[in-house]
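This briefing is meant to be read beside the sequence and the 3D view. Please look at both before going through the points.

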Amino acid sequence: MNKASMEDRVRVVSALIEGNSINSTVRMTGIAKTTILRLLKSLGEACKAFHDREVRDVPSRRIQCDEVWAFCHCKQKNVKPELKGVFGIGDVWTWTALDPETKLMVAWAVGSRDGGYAAEFMNDVASRLKNRVQLTTDGHAAYLDAVSDAFGTKIDYAQLIKMYGPTVPGPARYSPAACIGIEKVPVCGQPESKHISTSLVERSNLTVRMGMRRYTRLTNGFSKKVENHEHMTTIFWTYYNYCRIHSTIRTTPAMQAGLTDRLWEIEDLLNLIDGK
């Protein structure tokens, strides 16, 4: 990346985190695709190391978790028989853990929607928290063992189970079915009913799909390689935590959570590549 100036790098990252694809970023900036892909990898790895190191002892009181669907290489129905079961080919899920008070994205993980990834993700979440928290997830069964293994009894945990109506045929089939009811199910500890919610973490799914072309439905902007999908996800959430002022709290989530005392710029993210 020595051939690209800081100004050029900022232009590239700015384009990517505002929902542009790699190819559209090439056209907008005039910077070679190979250069952009190298920057994506370098910055993704640097942001991951930074997040793993710095986002610790987070003083959250509540956490909401969810999973965001996407796909890499091709849609699941188009996966060739010899590639079925290969991670990164077809459906890919991003597990997310949001603090609804500070809006901090405490943890995320790209993987499959199974018990193994659930356990790995929840152990990561638990390792970042300073206090006992109230945790809310959806009704995905994989959470039950994962939360128990990660937190034991030191958690106030509930599931919010949504009931949906029938899928509407025609053009509306691309929209989710209407939610016709919810059930709050306490699982462990003493979760407060008024805080059993996944609304804010589900709202963050829209932030993901608006900010990363790879998550946008019904386009050809999906990742061809799962490694690039992971790098972009890490860059986006690090930018969201440290650089993007949240309209509700009027500061960045990292500042609200006490992880930093200043507003970061994209240049600060790029400096992580060189360890600055």
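His231 is found in helix H7, where helices (H or I, at least four residues) and strands (E, at least two) are DSSP runs numbered from the N terminus. The model is a predicted one, in which local features need pLDDT of at least 70 and side-chain atom pairs count only at pLDDT 80 or more, while totals for chains, interfaces and linings use all residues. Residues are numbered from 1 along each chain as its sequence is written, and side-chain values use heavy atoms, with hydrogens and water left out.

**His231 and its surroundings**

- With a relative accessible area of 14%, His231 is buried; buried means under 20% relative accessible area, exposed over 50%, and partly exposed in between (1.4 Å probe, protein chains only).
- Leaving aside neighbours within four places in sequence, His231 is in contact with Leu40, Lys41, Gly44 and Glu45, contact meaning heavy atoms within 4.5 Å.
- His231 and Ser42 are 189 residues apart along the chain, yet their C-alpha atoms are separated by 8.6 Å.

**The whole protein**

- The protein has nine helices and six strands.
- Its radius of gyration is 19 Å, close to the 19 Å that the globule rule gives for 276 residues, so the protein is as compact as a globular protein of that length. The radius is taken over C-alpha atoms, and the rule is 2.2 Å times the number of residues to the power 0.38.
- The C-alpha trace spans about 55 × 50 × 35 Å along the principal axes.
- Of the 276 residues, 49% are buried.
- Among contacts with a separation of 6 or more, 62% are between residues 24 or more positions apart.

**The nonpolar core**

- The largest nonpolar core holds 68 residues, of which Met122, Leu135 and Phe151 touch the most other members. Such a core is a set of buried Ala, Val, Leu, Ile, Met, Phe, Trp, Tyr and Cys residues joined through side-chain atoms within 4.5 Å.
- Helix H7 (residues 226-242) gives the most to this core, with eight residues.

- Thr96 is found in strand E2 (residues 90-98) and counts as buried at 1% relative accessibility.
- Beyond four places in sequence, Thr96 touches Gln64, Cys65, Asp66, Val68, Met105, Ala107, Trp108, Phe121 and Val201.
- Ile31 is in the loop between helix H2 (22-29) and H3, and is buried with a relative accessible area of 11%.
- Residues touched by Ile31, not counting those up to four places away in sequence, are Asp8, Val12, Val26 and Ile36.
- Ile31 and Lys224 are 193 residues apart in sequence and 20 Å apart in space, C-alpha to C-alpha.

**Positive phi angles**

- Most residues other than glycine have a negative phi.
- Asp57 is not a glycine but has a positive phi of about 50°. Asp57 sits in the loop between helix H3 (33-54) and strand E1 (62-72), and is exposed, with a relative accessible area of 54%.
- Arg250, also not a glycine, has a positive phi of about 60°. Arg250 lies in the loop between H7 and helix H8 (253-256), and is exposed at a relative accessible area of 71%.
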